[in-house]
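Please open the structure in your viewer and keep the selection tool at hand. The stops below go from the whole chain to a single side chain.

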Amino acid sequence: MKVDVREALPRLAERLAGPGATVEGAQRLSGGASMETWTFDLVSPAGREELILRHRSAPFDPENARSIPLSTEAALIQAAGASGAPVPPVRHVCDDADGLGEAYVMRRIAGETLGRKIVSDARFDAIRPKLARQCGEVLAQIHATPPPAGLNLKTVDAALELDRYEEVYRATGAERPILDLAFQYLRRRMPEPVEPVLLHGDFRNGNIMFDPETGVAAVLDWELSHIGDPGEDMGWICTNSWRFGRPDRPVGGFGDYADLLAGYEAAGGRPVPLERLRFWQMLGSLRWGIMCLTMYMSWQTGMEKSVERPMIGRRVSETEADLVVLLEQGL
């Protein structure tokens, strides 16, 4: 049943802060076919709280979905916060009495998530040289987090990830020589397995809140969390697609490999060789390229009508250019 979030929020307000509590400024920030993010202020005799609601607006299939249930996402945020990682405090996990379906509420954190501003806005000039090391420190805290019992997180390694995306690629019927070559190259250079850890799963510009004075303020959007190789999180933020016009700064467009790796080790993370990170970086470019390809083809076949799909889909050529450079450089 479709949930009207605006109608449900007043009931939620009273559950959170008692009779007389109200909601102000409710606004939907983003959302795709299945996930919505809302911002609102909770006003009560105790004061004003700035909050965020994460709400799933479509049925969820935990067996086949890449993402995790929102209750699991909330539990992981709380666990990572207990390990010292900067995360938005979870205020409430919704239940049937809230009338919102699958949802949770967290406190709103001030800062910037737009990658282009992080890498070029003058407000970040002073803090930018420190961000790569901070990201390494934060990843060490996340990877050291013991996942709460009973969450049934999926475990993924390099071989499984390559198999998954090659299956998706072959199913499209596309013939892209650079993508084919990248699959062959990566399969020949599969890293030795390591002890798996909790991964954020989408650690990159856009999902990290940065403060222009202090740096990393919060890690957001935990819906792709799983268990796996720590190099996966590290390689993903180094993928060129998240550098926003600064290919000379491999970590998010703002820093260097050495600072990321040093921060990770200094915060207690087991040393990650650069070649392992770069393996996952190349796999990240390949994965994003295939995702772009499938977005374009969903529009080409008429399954999707939105122009957003082909606009993202055209970026497959960018990932192919990235892969050419990585193939020339080697791991």
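What follows is a short tour of a predicted model, beginning with the overall fold.

Along the principal axes, the C-alpha atoms fill a box of roughly 65 × 50 × 40 Å, and buried residues account for 50% of the 331 residues.

Next, select residues 155-156, 197-199 and 226-228, which are strands S6, S7 and S10. These 3 strands make an open sheet of mixed pairing in the order S6-S10-S7, with S6 and S7 as the edge strands, each pairing on one side only. Between S6 and S10 the pairing is parallel and extends over 2 bridges; zoom in here to find Val156 opposite Gly228 of S10.

Finally, select Asp229, in the loop between S10 and H7. Is this residue buried or exposed? Asp229 has a relative accessible area of 9%, and because buried means under 20%, Asp229 counts as buried. Beyond its neighbours within four places in sequence, Asp229 is in contact with Val156, Val194, Leu199, Arg276 and Trp280. With side chains displayed, look for the polar contact of 3.1 Å that joins Asp229 to Trp280.

Conventions. Residues are numbered from 1 along each chain as its sequence is written. This is a predicted model: local features need pLDDT of at least 70, side-chain atom pairs count only at pLDDT 80 or more; totals for chains, interfaces and linings use all residues. Side-chain values use heavy atoms; hydrogens and water are left out. Two strands pair if DSSP finds at least two bridges between them. Helices (H or I, at least four residues) and strands (E, at least two) are DSSP runs, numbered from the N terminus. Buried means under 20% relative accessible area, exposed over 50%, partly exposed in between (1.4 Å probe, protein chains only). A polar contact is a pair of N or O atoms within 3.5 Å; within protein, one must be able to donate a hydrogen and the other to accept it, and residues adjacent in sequence count only if both atoms are side-chain atoms. Contact means heavy atoms within 4.5 Å.
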